[in-house]
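Me: Could you walk me through this one? I have the sequence and the coordinates open and would like to go feature by feature.

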Amino acid sequence: MTVKTTTRKGNKQPLAGNIPPAPTTGLCLDMLDDIVGYRLRRAQVLVYQDYVRTVGSLDIRPAQFAAMTIIGANPGLSQTTLATTMGIDRSGAVILIDALEGKGLAARVPSKVDRRTYAIMLTDKGATTLAELKRMVAEHDNRVTACLGPEERVQLNSLLLRLYQG
């Protein structure tokens, strides 16, 4: 089997951009080195793994934590508003809320504004759990971004925001 080398003939630079081979394997990643989505996914996997190690005992997935945080900051919001805020389908929000209700962390209550909808509230258990989660997730976030300086962290957040806001 013939394997392509990671450098251009007579040149020490990698084939794709100026990024060295993958550190864990030394393999050339070809165009993957230049694809933002690939880099985002690799970073997301590492962030997710650390999140699970950090909050695993509470059995709260990242989307559930996000939903709880939004509900906690905006008690009484509708399922539709939650879905729009999170950038997910309304059916996805229903599934999230069902899971939170099943754990006793959130409740649907009749809306005071629109009788056709429900307002979503955290339960007392949900508020207590969210406070603990926020502490744990802040530690997790600091750990996974420890390789960045304060300005780099602000820049990364700004660039990611620009990507998903368009």
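Me: Where does D30 sit relative to α1?
Reply: D30 lies in the segment before α1, and, keeping in mind that this is a predicted model, its phi is positive at about 50° although D30 is not a glycine.

Me: Is D30 buried, partly exposed or exposed?
Reply: D30 has 48% relative accessibility, so it counts as partly exposed, since the exposed class begins over 50%.

Me: And D59, what's its phi, and where is it?
Reply: D59 is a residue other than glycine with a positive phi, near 55°, and its place is in the loop between α1 and α2. Because its relative accessibility is 52%, D59 counts as exposed.

Me: OK, switching to the inside. Which residues touch the most other members of the largest nonpolar core?
Reply: That core has 20 residues, and those touching the most other members are I60, F65, M68, L82, L100 and I120. At least two residues of the core come from each of α1 (36-55), α2 (62-73), α4 (90-102) and α5 (124-144).

Me: Which helix gives the most to it?
Reply: α2 does, with 5 residues.

Me: What does I60 touch, leaving out residues up to four places away in sequence?
Reply: On that basis I60 touches Y51, V55, F65, M68, K103, L105 and L133.

Me: Back to α2, then. At what angle does it pack with α3?
Reply: α2 and α3, the latter covering residues 79-86, pack at an angle of about 120° with their axes 11 Å apart, and the two helices are therefore oblique to each other. Their crossing is right-handed.

Me: Which residues make that α2 and α3 contact?
Reply: From α2 there are A63, A66, A67, I70 and I71, which meet L82, T85 and M86 of α3. By type, the residues of this contact are 7 nonpolar and 1 polar, with no charged ones.

Me: And α1 with α5, what angle and axis distance there?
Reply: The angle between α1 and α5 is about 140° and their axes are 10 Å apart, which means that α1 is oblique to α5. The crossing of α1 and α5 is right-handed.

Me: Who's in contact in that pair, and how do the residues divide by type?
Reply: In α1 the residues are V47, D50, Y51, T54 and V55, and they meet L133, M136, V137, H140, R143 and V144 in α5. The contact of α1 with α5 divides into 7 nonpolar, 2 polar and 2 charged residues.

Methods: Residues are numbered from 1 along each chain as its sequence is written. This is a predicted model: local features need pLDDT of at least 70, side-chain atom pairs count only at pLDDT 80 or more; totals for chains, interfaces and linings use all residues. Side-chain values use heavy atoms; hydrogens and water are left out. A nonpolar core is a set of buried Ala, Val, Leu, Ile, Met, Phe, Trp, Tyr and Cys residues joined through side-chain atoms within 4.5 Å. Buried means under 20% relative accessible area, exposed over 50%, partly exposed in between (1.4 Å probe, protein chains only). Helices (H or I, at least four residues) and strands (E, at least two) are DSSP runs, numbered from the N terminus. Contact means heavy atoms within 4.5 Å. Axes are lines fitted to C-alpha atoms, for helices over the stretch in contact, and angles run from 0 to 180 degrees between N-to-C directions. Angles under 35 degrees count as roughly parallel, over 145 as roughly antiparallel, 65 to 115 as roughly perpendicular and the rest as oblique. A crossing is left-handed if the near helix is turned anticlockwise from the far one by less than a right angle, and right-handed if clockwise. Ala, Val, Leu, Ile, Met, Phe, Trp, Tyr, Cys and Pro count as nonpolar, Asp, Glu, Lys and Arg as charged, and the others, Gly among them, as polar.
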